[in-house]
Structure formats: C-alpha cells, structure tokens
Amino acid sequence: MDQLTKPQVDDAESLRPSDGTMAATATGLTKTYGKGDTQVVALDHVDIGFEAARLTAIMGPSGSGKSTLMHCMAGLDAVTEGDVRVGDTRISELSDKELTLLRRQRLGFIFQAFNLVPTLTAEENILLPLLLGGREPDPEWKTQVINSLKLDDRLHHRPDELSGGQQQRVAVARALVTRPDIIFADEPTGNLDSKSGHEVLGFLRRAVDDWHQTVVMVTHDPSAASYADLVIFLRDGHVVGRLEEPTSDLVYDRIKSLEA
Amino acid sequence: MRSMLRLSLRNLAGNRLRFILTTFAILVGVSFVVASFVLTDGLIRTFDELVEDANADVDVEVRARSEFDEIDFTLRPIDEALIDVVAEVEGVEEIWPTASSTKILPVKANGEPIKTSLAPAFSGNWVDSSISPLTIVEGEAPDEPSEFVIDETTADREGFVVGEVYDVIGSDGSEPFTLVGISRFGEENALGGAVLSSFTLDELQRLDGSEGLITVIDVAAPDVERDVLVDRLTAVLPDDVEAVDISVVVEEAQSDISDIIGIFGNILLAFALVAVFVSTFIISNTFNILLGQRVRQLALLRALGASAAQVRFSAIFEALVVGVVASVVGLGGGVALALGLRGLMNTLGFDMPSMDIILAPRTIVVAAVVGIGVTLFASLSPARRAATVPPVAAMRAGFRFGSGEGTRRTIIAIILSVPGVAAMGYGLFASSDSTALKLAGLGAGAVLIFVAVSMFAPLFSSPSASFLGAPLEHVPG
C-alpha cells in the first residue's frame, strides 16, 4: 500500500503528534431515554477523554451505551446531564446552529452504512462538508487524500457503482478532507468483508500515524479494535475497562470476561 | 446554498420517473386552468370578430327602443313600413331589413326534422344586400314564396340537395318548399352548430305568424357622419324606435357573447380548481412520502454539517423546480387541452370557427401562480418537517416523523374549513354578483379548504398516503 505522506498544514495545532492532550472530554455524562417507569439510562455519569492524534476504540455489548456515547460526544444527540467538550468548546451548551457548524468544520463522520448521498458522485460526496459551508477544498490536500485512498479513478462514479469497500473509502476521504479535530467512526467495517474492512482500518490507522488525525471508533469486532491505540470498554452505561496496545486476542479475552 | 441547489437538482435528476409523476399531478391542474382561459379567450375573440365582420359595412341600426339599459336577446319587432321611411333618409345608400324566427324548421327528405338539440334552428329573410354577411355558394337566392335556402354545414350534414322539395314546419303546420340554394355565413359558415334557413321576407313573416313585422333595419351611409345619420333617422322614426350607432350594437352583442362564454369558462375553471385542489393534496402527501423515504439522507446531511435551513431550503427548492416545470409544461398542456376540447365540441356538433390561440399575459401569470404557488405551498409543511430530522437518525434505523399536536391541528382545521366551504359555495352558486367576486370566492374557498384538509392530513395520512403513494413505493428513491 502507498505510504501516506505528512500533509502540509498551515494550522498544525490540531494535527500534531500525541502529547496527551484531550481532543474531546466528557464529565458526568448522563443520557436517559423516556420518563418514569419506562426510563432507560443509556449513559450513567461517564467520565471519559479521547486523546488527540490517537485511535481510540469504544467496545461493549449491544445496549452498553457505546453508540450513545459517540453520538453525545459528537454533538449528534443531546445530553441529559453533564459536560461534553470538543477541544475547549462546551458542546452541551451549543445551539443547533452552532452544533451544525461544529460538525461541519471540526468533526468528521464515518457511518456503518448509508454513508454517501446516492445522487452525488464520489468526488462530490468527498467535498460535501466543504461545499455545505461554501468552502473550496485545498487542492493539494484533496489530491493527497484521494490518492492515498486509491480513489483517483473512482471520482466520477455514483455510490451504487462502487463496491462496499470503495464506498467506505469515499467516506473516509470525506472525513479526512476537512482536517477535522476528531473523526467519529460508527462500526466503519460492520458492513464490509474482512479484506475491505482491514483495508479501511489500515487507512484510519495511517491517518493517525502519518497525519496525527484523532479518530474515535465504535466497534464490536476485536480485530478492528486491535488497530486502536486504546480500547475503552463500556457496559450498562459505565466505563468498565481500558486496554492499551490491544491485540485481537487480548480484546477478545476482555470481552469474554466482561460478558461473564 | 449552492451545494444544496446542486443536491436538489441531482435528487430530481436521479429519480426521473418520480419527478415526472410528481410534476404530472400539478401539471393536470395547471393545464385545466390554462385550457379554460385559452378556450374562453379564443372563443370570445372569435365571436367578437364574427360580430364585427357581420356588421363591418353597417353604420347604424334601427331597432325597437328598449325600456331597459340592458338589451336582451329578443328585441320587440318593429313595423315593416319603417323600411321605406328609412330608405328615404338623405345619405342612406344601402339598407338591410332583417326579420328572424325560431318557429320555422325544415324537414329532411326522410320526414325527420333536423336535429337541433345542440344549438338553435333559426330562420331569416333573404336580403340581397352588400352589407349582409350571408352569401349564396350554390344555386340562387329565394325570390319566390315557395323557395328557401339553407346553410351549407346543415345541408352537408343533413343531406339537403338543391332543387329538391322539402317540407318546412311553420307556426301553422308544414308545407312544401323548394330548396333553391345554399348559403354561407361569413367565410367559414361558423354558426356554432345552429341551423340557418332563409326565405323571402313575406314568407318568413307568414311562417312565423308575424305579418308586417321585422326585427331591425341595418343602414349603410358611407358619406354621412354616423351621429348626423342617427339624428336624421331619429327625426323620422316613431318614439318607440331608435337609431343606434352600430359600434354600440356590436359592443352590446360582444358583451352578451362574452357573458355566455364566460359562464361556460367559469364551469371549466371550477373543474380546474377542483383539479388544482386535488393535486395540491396529492403533492403534499407525495412530498411527505418522499421525505419519509429520504430521512436517512437528510439526517446524513445534517450530521455532515447541513443546517436545518439548508435542508428546508433544498426541499423547497426541489418543489420550486417541480412547480416551474409543471407551469411551463402545463401551459403547453393547457393549449393542447383547449384545442382538444374545441375538437370535441366540433365532433359533438357545435361548429366552432377556427379559433385563435390566445396566450394572454393573465393566463401565463395564473399558470405560474397556480403551478409554482401550489407546489411551493404544498411543500412548506413537508420541508419544515424535513428540517426537524435529527442528525442522529443517520445512524438509527426506523426514525419516523411525529404527527405533531393533533388536537390543535384539528381545531384550526375546522375553524378554517367553515369559511372555506362558505366561500366556495358562494363562488359556485351565488347568482347575482359579479363574476370576479364569485371567482375570488371560489379561489379563497379552495385555498382555505386545502389548508384545512392538509392540516387534517396527518390524522389520516397513513392510510391515504399509502394509498396515494402506492405507485411511488415502487419507484426507486
């Protein structure tokens, strides 16, 4: 695979190597659904931080609150209680307009499925967050991202003309092209065969290593989690464990012990 | 916003069949509205020209003085002795005394009377006058008591042959007459399906039972000023007979014809408004279904940084494009529909003269207002709902729009529908007031009822939407 080269960044602040700075933090984050007897506590006073320029995986059984955690951290869902910050911005206090701008300018998203607008070409999908803000892409950076993801001959194809792996690479390129503070990836390999899945994870890994991109990924797949620098385990709305330098086997064992 | 415009256009282009179906629903309403205007405008102009042509060489008409300002269709007859009086007036070069009757009907060779269910049969006296619009195209004019001529359309349709003898029914039973010629009214014999037979003046009066009486005397006096001629005639005419500048007579006739065509046009327009009303409802529901299908895409856009305003705007812009296309195509469709309706009328036996296609500025404005306005209006509520899709729905399957505050909606809907029904009823059934006022009532009523229905819509939108939307479910979206 191509070696990813370090981007020429004017504003290098958000893309420096990991030094322990937190790209996003949550303090006492609580999220409940419903009221009274039917109330469900999805997240219960969670304290958590995602280190900059690292790939953090969030794992847990279904219903553990891992997706809710990501939605709340990414400003996609309102928190019930607690303080969520992206960098220095308290997003729990932002209006819908401010949240929209935050997502557009400072966050990147990769979803499990339905990542792309079906009527737009691959290139238009990649540039969509920029276009929504009326911004022009930095041509060098755009070329670099597209070449790195091996999409240069797929730019004018519609999503339905692309394989699942190619579609997910377009989504990765879209997340990278704005050089966001954090990329949130929700089961990014959930719909892919294992070869395409590892390809996509390899790109994310190298975006962290070579470009010092911060990535937070929700997954239930131990081998996907093994690409991370740190795995955070969730159960019943609580953080129940952390694993540095994970391997598939270590992650698998930890999950077994959590489910026991 | 430009990216959202592009996205809207792509969404439309990416689902051509769906776009065509959506556009078609509005187009039907627009076409009906345009057709009713084009048809009435065309007919009014045509009949206006016919009236003008028929009186082109006439300067003044002598007729019974009406007791009312408004001349009704049947004038009181005047004494035929006035023909000589008028002819003596200084400057008068040509006179065209006319008597007409609706009591006379020729019978076909097989003994059946001519069918006159579609338009009246009327008879007149033949006058060899250069100012009459009638000409003989075959045979000769009647100058013996037992002779008559008939118009060429009727002759062709009913099989009348010059030289044959036919029974003619008059007010005192039937008697035989010889058909001596075929007449033509104007250039096309466009009588609107009416049957026109002509006799000598004495025979006409006898058959009608109105001996000694005529209807009007038209006068040509090219060398005299019209007001001078009117004065000279007035001086010699009895008090209950007047001389009128022909332009006044033409205007009166045109206004009468406009009123009749206007009634016909209003009936068409009422159909059109029903079509518009129905299409608005369909469109509003369709937009809601389409948005339901696109929830994940909308949520994705929101997650990627599209503002609520951008999402709302893109939905409205899509509707705008649909509305513009529907208006433009609807204009063409309306013209085609008008021509089709005229063809249908000809087939049914109303002989319409070759009609001008008049696309008045008013017609274009109304087409645009109806097409664009209705579509935009119908898209407002779905667009507002589209903007409420939470970005997190991009990652959750099964997000559904809520139906909103049901009770409040119902109350407002009922409050709006009462004056809506009243206004529409006034527009449709009120008899005395002006046409414009009735149309305004009809329009305002339709709008109010639409708003009311669309507010009710969420309450029964699931069954009706799945019914109306059934064909769309299979359209890839």
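Reader: In this predicted model, what makes helix α5 (residues 164-177) of chain A and helix α6 (residues 194-211) of chain A roughly parallel?

Author: The two helices pack at an angle of about 15°, and their axes are 9 Å apart. Angles under 35 degrees count as roughly parallel, so α5(A) is roughly parallel to α6(A). Their crossing is right-handed.

Reader: Which residues make the contact of α5(A) with α6(A), and how do they divide by class?

Author: From α5(A) come A:Gly164, A:Gly165, A:Gln168, A:Arg169, A:Val172 and A:Leu176. From α6(A) come A:Ser196, A:Glu199, A:Val200, A:Phe203, A:Leu204 and A:Ala207. By class, the contact has six nonpolar, four polar and two charged residues.

Reader: Why are α4(A) and α5(A) called roughly antiparallel?

Author: The axes of α4(A) and α5(A) come within 10 Å and cross at roughly 155°. Angles over 145 degrees count as roughly antiparallel, and α4(A) and α5(A) are therefore roughly antiparallel to each other. The crossing of α4(A) and α5(A) is right-handed. The contact is made by A:Lys142, A:Val145 and A:Ile146 of α4(A), together with A:Ala173, A:Leu176 and A:Val177 of α5(A). By class, this contact has five nonpolar, no polar and one charged residues.

Reader: How do you know that the buried residues of α4(A) lie on the same side of the helix?

Author: In helix α4 (residues 139-148) of chain A, the residues A:Val145, A:Ile146 and A:Ser148 are buried. They cover an arc of only 165° around the axis, which puts them on the same side of α4(A). On the other side of α4(A), A:Pro139, A:Glu140 and A:Thr143 are exposed. The cover over the buried residues of α4(A) includes α5 of chain A. After α4(A) comes A:Lys150, whose phi is positive, near 55°.

Reader: What makes A:Pro129 count as buried?

Author: A:Pro129 has 27 C-beta neighbours inside 10 Å. A residue is buried if 20 or more other C-beta atoms lie within that distance, so A:Pro129 counts as buried. A:Pro129 is found in helix α3 of chain A.

Reader: Which residues does A:Pro129 touch, not counting residues up to four places away in sequence?

Author: On that basis, A:Pro129 touches A:Arg104, A:Arg174, A:Thr178, B:Leu304 and B:Gly305. A:Pro129 and A:Ala175 are 46 residues apart in sequence, while their C-alpha atoms are 8.5 Å apart in space.

Reader: What is the phi of A:Arg179, and is A:Arg179 buried or exposed?

Author: A:Arg179 has a positive phi of about 50° although it is not a glycine. Most residues other than glycine have a negative phi. A:Arg179 is found in the loop between α5 and β7 (182-186) of chain A. With 21 other C-beta atoms within 10 Å, A:Arg179 is buried, the cut-off being 20 or more.

Reader: Why is A:Glu245 called exposed?

Author: A:Glu245 has 10 other C-beta atoms within 10 Å. A residue with 12 or fewer is exposed, so A:Glu245 is exposed. The place of A:Glu245 is in the loop between β10 (238-244) and α8 (248-259) of chain A. Its phi is near 45°, a positive value in a residue other than glycine.

Reader: How many residues does each chain give to the contact between chain A and chain B, and which helix of chain A gives the most?

Author: The contact takes 22 residues from chain A and 19 residues from chain B. In chain A, α1 (66-73), α2 (96-106) and α3 (122-132) each supply at least two residues of the side that touches chain B. The most comes from α2(A), with five residues. The residues of this side of chain A divide into eleven nonpolar, five polar and six charged.

Reader: What makes α9(B) and α10(B) roughly antiparallel?

Author: Helix α9 (residues 308-348) of chain B and helix α10 (residues 361-386) of chain B pack at an angle of about 155°, with their axes 8 Å apart. The cut-off for roughly antiparallel is over 145 degrees, and α9(B) and α10(B) are therefore roughly antiparallel to each other. α9(B) passes α10(B) in a right-handed crossing. By class, their contact has 17 nonpolar, seven polar and two charged residues.

Definitions and conventions:
Residues numbered from 1 in each chain as written. Chains lettered and ligands numbered in written order. Predicted model: local features only at pLDDT ≥ 70, side-chain atom pairs only at ≥ 80, totals over all residues. Axes fitted to C-alpha atoms, helices over the stretch in contact; angles between N-to-C directions. Helix = DSSP H or I, 4+ residues; strand = E, 2+ residues; numbered from the N terminus. Parallel < 35°, antiparallel > 145°, perpendicular 65-115°, else oblique. Left-handed = near helix turned anticlockwise from the far one by under 90°. Contact = placed C-beta atoms within 7 Å. Nonpolar A, V, L, I, M, F, W, Y, C, P; charged D, E, K, R; others polar. Arc of directions from axis to C-beta.
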